[in-house]
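Subject: Structure for your attention

Dear colleague,

Please find the structure below, handed over for your study. My findings follow it.

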Amino acid sequence: MSFLQTTLANPVSAEPHSLTLKSGVNLELLETGILRVSPAQPGGHRIVISCGIHGNETAPIEMVEQLFSEIKSGELRVANELLLIIGNPPAANQAVRFVDENLNRLFSGKHQSSSTQEARRAKLIESYVTEFYQRGEEPRLHYDLHTAIRGSELEKFAVYPYLHDRDWSKAQIAFLEHCGLEAILLSTKPAGTFSYFTSTQFGADSFTIELGKVRKFGDNDMSNFADAMQGLRELISGQEDFSRELKSIQVFSVVEEVIKQSEALTLHVADDAKNFTAFPKGSLLASDEGYEYRTQEDGERFVFPIINIPIGQRAMLVVAPTTL
Ligand code: ZN
């Protein structure tokens, strides 16, 4: 049975079971969509690779399934401690972003004020991730894989969660560039995202990684993800190189977080406009009761616009080029 099939067939809960491969690698299904992979020789890094936090983002789920099948067959060597996560199986079964609410707004305890299935799942994922990271002192990494609702001028990019007093890791950004990413977006505020949770709680090098546009299971052109898959294989097998230099990856910083304050909110971007579309200075990007945002400089760009959300949630980010 595959990790993906088992998860989709048991969307709410699964019986724990484990399997030791001939190589000594141990696979342990802890709960539905949560699988721990332990190398024969403990150590290395402690890596969480997650996907399907949004249920309809199928390409990353297929990537994780592919990595699982290569591990299970013995084709892919395992040199690091891994936790593979398929985030929201009920939403994946329904081919929707979420069932009740956006799972990626519920981490860092934000699930406590909600009783939806996503809130329960966020709590469960937090507890397994906590257990995983606390098992050892190895350097902690987290790559949360996504695809985006709309097209993007820069197709592959990562969101680096706000680090408070820590420094951005150039080595990690260079690794992401090696994985085919074209841009990195530096966050400037706390968030309810999975990557912010692992970054803040465990000091992990954590990223939300956007790899292209949402498509249905089976409709993804997996050749589009070859560089990212290669990077993940290098990570899993202990061939990762975190000493690369930055080349041409573009760096952006968030300059405005547009929060939906009322039903009057209007985003002045076309429905088919791509993420990272650049605007001249003075362009009106968002308006709400008593609020408007006009670009402060030439070349500011918008990312992740979404209007159909509850009041109080983030409707759009505006970003501007920066340097590390
Ligand atoms: Zn997503």
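A residue is called buried when its relative accessible area is under 20%, exposed when that value is over 50%, and partly exposed in between. Please keep in mind that this is a predicted model.

His54 sits in the loop between β4 (46-51) and α2 (58-73), while His146 belongs to strand β6 (residues 140-148), so the pair ties together parts of the chain that are 92 residues apart in sequence.

For comparison, the ideal angle for four tetrahedral donors is 109.5 degrees.

**Arg215 and its surroundings**

Arg215 is found in the loop between β9 and α7 (226-237). With a relative accessibility of 43%, Arg215 counts as partly exposed. Beyond its neighbours within four places in sequence, Arg215 is in contact with Asn56, Thr58 and Asn220. The C-alpha atoms of Arg215 and Ala148 are 9.4 Å apart in space, although 67 residues separate the two in sequence.

**Helix α6**

Helix α6 (residues 194-202) has seven of its nine residues buried, so it is largely enclosed by the rest of the structure. The buried residues are Phe194, Ser195, Tyr196, Phe197, Thr198, Ser199 and Phe202. Among the elements that cover them are β4, β5 (81-86), α4 (117-133), β6 and β9 (205-213). After the helix comes Gly203, which has a positive phi near 65°.

**Strand β16**

Strand β16 (residues 314-321) is likewise largely enclosed by the rest of the structure, because seven of its eight residues are buried. One of its partners is strand β10 (residues 250-259), which pairs with β16 in the antiparallel sense over seven bridges. Strand β15 (residues 300-303) also runs antiparallel to β16, and three bridges join the two. Val318 in β16 takes part in both pairings: it stands opposite Glu256, and it is the bridge partner of Phe302.

**The cysteines**

How many disulfides does the structure hold? The number is zero. A disulfide is a covalent bond between the sulfur atoms of two cysteines. For Cys51, the closest cysteine sulfur is that of Cys179, and the distance of 16 Å is too far for a bond. A disulfide would require the two sulfur atoms to be within 2.5 Å. Cys51 is buried, at 0% relative accessibility, and Cys179 is buried too, at 6%.

**The start of the chain**

Ser2 lies in the segment before α1 (3-9). Is this residue buried or exposed? Ser2 is buried, because its relative accessible area is 12%. Its contacts, apart from neighbours within four places in sequence, are Glu65 and Phe68. With Glu65 there is also a polar contact of 3.3 Å between the side chains.

Conventions. Residues are numbered from 1 along each chain as its sequence is written. This is a predicted model: local features need pLDDT of at least 70, side-chain atom pairs count only at pLDDT 80 or more; totals for chains, interfaces and linings use all residues. Side-chain values use heavy atoms; hydrogens and water are left out. Helices (H or I, at least four residues) and strands (E, at least two) are DSSP runs, numbered from the N terminus. Buried means under 20% relative accessible area, exposed over 50%, partly exposed in between (1.4 Å probe, protein chains only). A polar contact is a pair of N or O atoms within 3.5 Å; within protein, one must be able to donate a hydrogen and the other to accept it, and residues adjacent in sequence count only if both atoms are side-chain atoms. Contact means heavy atoms within 4.5 Å. Two strands pair if DSSP finds at least two bridges between them.
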